[in-house]
Amino acid sequence: MTSPVRYEIQKVAVVGLPGAADDGRPAPVVGAFNADGLSGPFRPNAGQVFNVTISGDFVATLTLKRSFDGGVTKHELTAGGETIYVWTAPASERAEEGEPGVDYYLECSDFTSGPVSYRIS
């Protein structure tokens with residue numbers, strides 16, 4: 001008769017982007033605009049839904065953009081040739097990216113008053 005095999009289970013940290021949560025989700029990008037500008041990049045996990053929340057009492061236009069080349073070129077998201085994910089008022093929406101390695105940014109333009117707070121997570 002053979003002896004039973006014993007296994008030792010260890011908790012292993014998920015290695016991902018700097019600041020990644022223990023469950024493998026990337027760290028949120030949080031900030032505020034007080035003028036026209038661009039947020040830092042958020043890289044969602046491929047195939048996972050992510051959130052975009054914009055809040056505050058502001059007059060500005062915010063556009064979600066994505067980059068396939070590490071931020072060198074940023075593209076507006078479109079559907080049927082029309083730009084989508086453009087806000088001029090507080091909002092909280094979901095998006096999904098199917099391709100790995102794509103970075104998302106919020107661009108603030110036409111800023112008149114604010115601040116505009118945001119979170120991409």
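**Reading strands, rings and the core**

Tutor: Let's start with strand pairing. Strand β2 (residues 37-38) runs antiparallel to β10, and two bridges join them. Keep in mind that this is a predicted model.

Student: Which residue in β10 is the bridge partner of Leu 38?

Tutor: Leu 38 is partnered with Glu 107 there.

Student: And how many bridges link strand β4 and β10?

Tutor: Strand β4 (residues 59-67) pairs with β10 over eight bridges, again in the antiparallel sense. For one of the contacts across these strands, look at Leu 64, whose bridge partner in β10 is Leu 106.

Student: Now the rings. How many aromatic pairs are there?

Tutor: Two rings pair if their centres lie within 6.5 Å. By this rule there are four aromatic pairs. One of them is Phe 50 with Tyr 104: the centres are 4.8 Å apart and the planes make an angle of 55°, so the pair is tilted.

Student: Are Phe 50 and Tyr 104 buried or exposed?

Tutor: Buried means under 20% relative accessible area. Phe 50 counts as buried because its value is 1%, and Tyr 104 is buried at 0%.

Student: What lies over the face of Tyr 105?

Tutor: That's Lys 74, at 5.0 Å from the ring centre.

Student: What about the nonpolar core: how many residues does the largest one have?

Tutor: First the general idea: in soluble globular proteins, nonpolar side chains tend to be buried together. Here, the largest nonpolar core has 22 residues, and those with the most contacts inside it are Val 52, Ile 54, Leu 62, Leu 64, Trp 87 and Leu 106. At least two core residues come from each of β1 (29-33), β3, β4, β9 (91-97), β10 and β11 (116-120).

Student: What is Val 52 in contact with?

Tutor: Leaving aside neighbours within four places in sequence, the contacts of Val 52 include Leu 64, Trp 87, Leu 106 and Ile 120.

Student: Last one: is Thr 63 buried or exposed?

Tutor: Thr 63, found in strand β4, is buried, because its relative accessible area is 5%.

Methods: Residues numbered from 1 in each chain as written. Predicted model: local features only at pLDDT ≥ 70, side-chain atom pairs only at ≥ 80, totals over all residues. Heavy atoms only, no water. Phe/Tyr/Trp six-rings, centres within 6.5 Å; stacked < 30°, edge-to-face > 60°. Buried < 20%, exposed > 50% of the residue type's maximum accessible area, 1.4 Å probe, protein only. Lys NZ or Arg CZ within 6 Å of the ring centre and 35° of its normal. Pairing = 2+ DSSP bridges. Helix = DSSP H or I, 4+ residues; strand = E, 2+ residues; numbered from the N terminus. Core = buried A, V, L, I, M, F, W, Y, C linked by side-chain atoms within 4.5 Å. Contact = heavy atoms within 4.5 Å.
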